[in-house]
Amino acid sequence: MKLFRTGSALSLPILTGLALSCAAQAGTLTGVVGDQGKPLAGAMVTAFSADAKRRDTVYTDASGRYRLNVDFAGELTVRARTPYFKDASVKVSLPLPAVKTLDFSLERHSVAAELSDSLPASAHAAVLPWGNHNTREAFISQCNYCHQMGNALTRVPREESRWRDTVRRMEGYFAMLTNREADDITKALHAGFDGKPVPAVQHQPWQPQIAPAKIKEWVAGDAATFIHDTEVGHDDDLYGMDEGHDLIWHLERKTGKINEYRLPDIDLPEGGVFSGVQLPIGVFNGKHGPHSIAQAKDGVFWITNALSSTLASFDPVSKKMRLFDMGRTHLYPHTIRIDQEGIVWFTIVASNEVGRFDPKTEKFTILHLPEESIWSRISHYLFPYVLKIGAWFPKMNMHMAVNHAKWGFIGRHAFPFPYGIDVNPVDGSIWYAKLNANKIGRIDAKTLAVTEYDTPFKGPRRLRFDAKGNLWIPAFDDSGIMKFDTRTARFETFRLPLLAHNEYEVPYALAVHPTSGDVWITSNLSDRAFRFDPKTRQFVSYPLPTKVTWLRDWVFTQDKAVCSSSSNLPAWGIEGGLASFICLYPDGEPDVALARK
């Protein structure tokens, strides 16, 4: 095992729209959002800071009324937005009076093209013409996991040859398709994304549970920033992994200041062990690809570096980092969790493995998971050597020539892709999801014995436990979630609410609130987030104010927010062109709620 150290980390404070501190509120906006005198419930009112790096949003109640406390410095832009209506924006000069009334009267869309452009990606993806159901399933599974498919950037009409190039590039970055699937998807994208308006058939009912909520967003990085996972620290700040730039972003939520820490250099080319791969749309320019992050009891963060086959530790106090090399045949370390004993567990996606690392001894144990077929066994053995040869031809996707997903006619089943992982709080066992194999598995933390189970829904992704030892699993391919009772080995399934019958969602991750037991789910195609109450078995849908919002892991803060990173790839496809941290307060900000009392 090689060990690397760095004596110092780059710290670059960036102000994100705040002059000094959130404590000094600029004032309160209140008013009504309506349509020709009729109140619009569930409309979103957003205040933008002068530099557009801070955004705070609230929802209108049943009477169309909102109340928004703002603490930005400089001139505000305030926008009202709701489906099927044109946005309305005004400038507001600071400082505000204690309470400023600002009403909005919205105008319905009357131009088909404008209405179509206002609809989320799910409406546009729904019109793609599929010749058969199997190809549609392959498209959902393999072509939606980095970005919204059908947003304003991805649905631009192109020649069929350009779509073919796009599909080929995505295959290079491990979209596992047969030749027939790749050809059918190319034709569907060319025919479906033709620039014509799509019919407005979505139904977004208002739910009173969203009325108290507030959303806060902090922009970070540049147009090529790719904040993958975010963790909440013991300090209640957010720490995000920039997989494209080899950076850690640290958001001080109380001040809005963002610090930047760079991972140490390593003897690898750009792209790390995947340097022969044409990484996504040219935005990856690092060697490590920091992906997932978890904080141990002693305050140290542990990070999987997907592109360099290393783990990193980061001390948020000293700002020191260390790298631990697990060997470059262990490809794409992914999701990371820490058990009660302080042992670090993580999936290794492209090698069909789960890794175990003991920080006390600094030793790895790599557990190879059961293979799905003789082909997957052969591929996992040969793939590191294929990538090594491919590195002789940087970013040329030479590994595609021996991709048995194509010549073996098995597509996404070529690699099982162990993906999400979590620790059972009841017995300490380790559970993982095999994304393409549609399985979950249990590892005995002591004996390392493995047991696997087939899932009723397809596409199990980033799973999490509740306090009782029930495992909750997002079904990426089937627009649903699953509950697995680890005591009885029985599944329950729940379909996500769709905006239209012909649409689909791609729930990437979920998390279970430690006290309420509510399950928070990312949807990622319709600019919404979901909360599921296991007691009532009801979903609450939260419309999100920024178009092309793509959320990763959820985390819960001490001040009762549920937070994530908005990380559509590329970031310039997001409304505003930049990635962000996002926190949703379901009951409003605690300090604001206290002030009301």
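**Reading residues, helices and salt bridges**

Trainee: Is His-368 buried, partly exposed or exposed?

Mentor: With a relative accessibility of 39%, His-368 counts as partly exposed; buried means under 20% relative accessible area, exposed over 50%, and partly exposed in between (1.4 Å probe, protein chains only). Please note that this is a predicted model, in which local features need pLDDT of at least 70 and side-chain atom pairs count only at pLDDT 80 or more, while totals for chains, interfaces and linings use all residues. Residues are numbered from 1 along each chain as its sequence is written, and side-chain values use heavy atoms, with hydrogens and water left out.

Trainee: Where does His-368 lie, and which residues does His-368 touch?

Mentor: His-368 belongs to strand 24 (residues 363–368); helices (H or I, at least four residues) and strands (E, at least two) are DSSP runs, numbered from the N terminus. Contact means heavy atoms within 4.5 Å. Not counting residues up to four places away in sequence, His-368 touches Ser-351, Asn-352, Glu-353 and His-380.

Trainee: With which side chain does that of His-368 make a polar contact?

Mentor: A polar contact is a pair of N or O atoms within 3.5 Å; within protein, one must be able to donate a hydrogen and the other to accept it, and residues adjacent in sequence count only if both atoms are side-chain atoms. Here the partner of the His-368 side chain is the side chain of Glu-371, at 2.5 Å.

Trainee: How is the packing of helix 3 and helix 5 to be read?

Mentor: Two packed helices are described by the distance between their axes and the angle between them. Axes are lines fitted to C-alpha atoms, for helices over the stretch in contact, and angles run from 0 to 180 degrees between N-to-C directions. The axes of helix 3 (residues 133–142) and helix 5 (residues 179–192) come within 10 Å and cross at roughly 85°. Helix 3 and helix 5 are therefore roughly perpendicular (under 35 degrees is roughly parallel, over 145 roughly antiparallel, 65 to 115 roughly perpendicular, the rest oblique). Thr-135, Ala-138 and Phe-139 of helix 3 meet Glu-181, Asp-184, Ile-185 and Leu-189 of helix 5.

Trainee: Is Gln-142 buried or exposed?

Mentor: Gln-142, which lies in helix 3, is buried at a relative accessible area of 4%. Its side chain makes a polar contact with that of Asn-436 (3.4 Å). Leaving aside neighbours within four places in sequence, the contacts of Gln-142 include Phe-174, Met-176 and Arg-412.

Trainee: How many salt bridges does the whole structure hold?

Mentor: Side chains of opposite charge can pair when their charged atoms come close. A salt bridge is a side-chain nitrogen of Lys or Arg within 4 Å of a carboxyl oxygen of Asp or Glu, and a search of the whole structure finds 43. One of them joins Arg-155 and Asp-117 (3.6 Å, N to O). This pair links distant parts of the chain, 38 residues apart: Arg-155 is in the loop between helix 3 and helix 4 (160–172), and Asp-117 is in helix 1 (residues 112–118). Arg-155 is buried, at 13%, whereas Asp-117 is partly exposed, at 48%.

Trainee: Which residue forms a salt bridge with Lys-483?

Mentor: The partner of Lys-483 is Glu-492, with the closest N and O atoms 3.9 Å apart. Glu-492 also meets Arg-537 in a salt bridge (2.6 Å, N to O). Arg-537 lies in the loop between strand 35 (528–533) and strand 36 (538–543) and Glu-492 in strand 32 (residues 490–495), so the pair ties together parts 45 residues apart in sequence.
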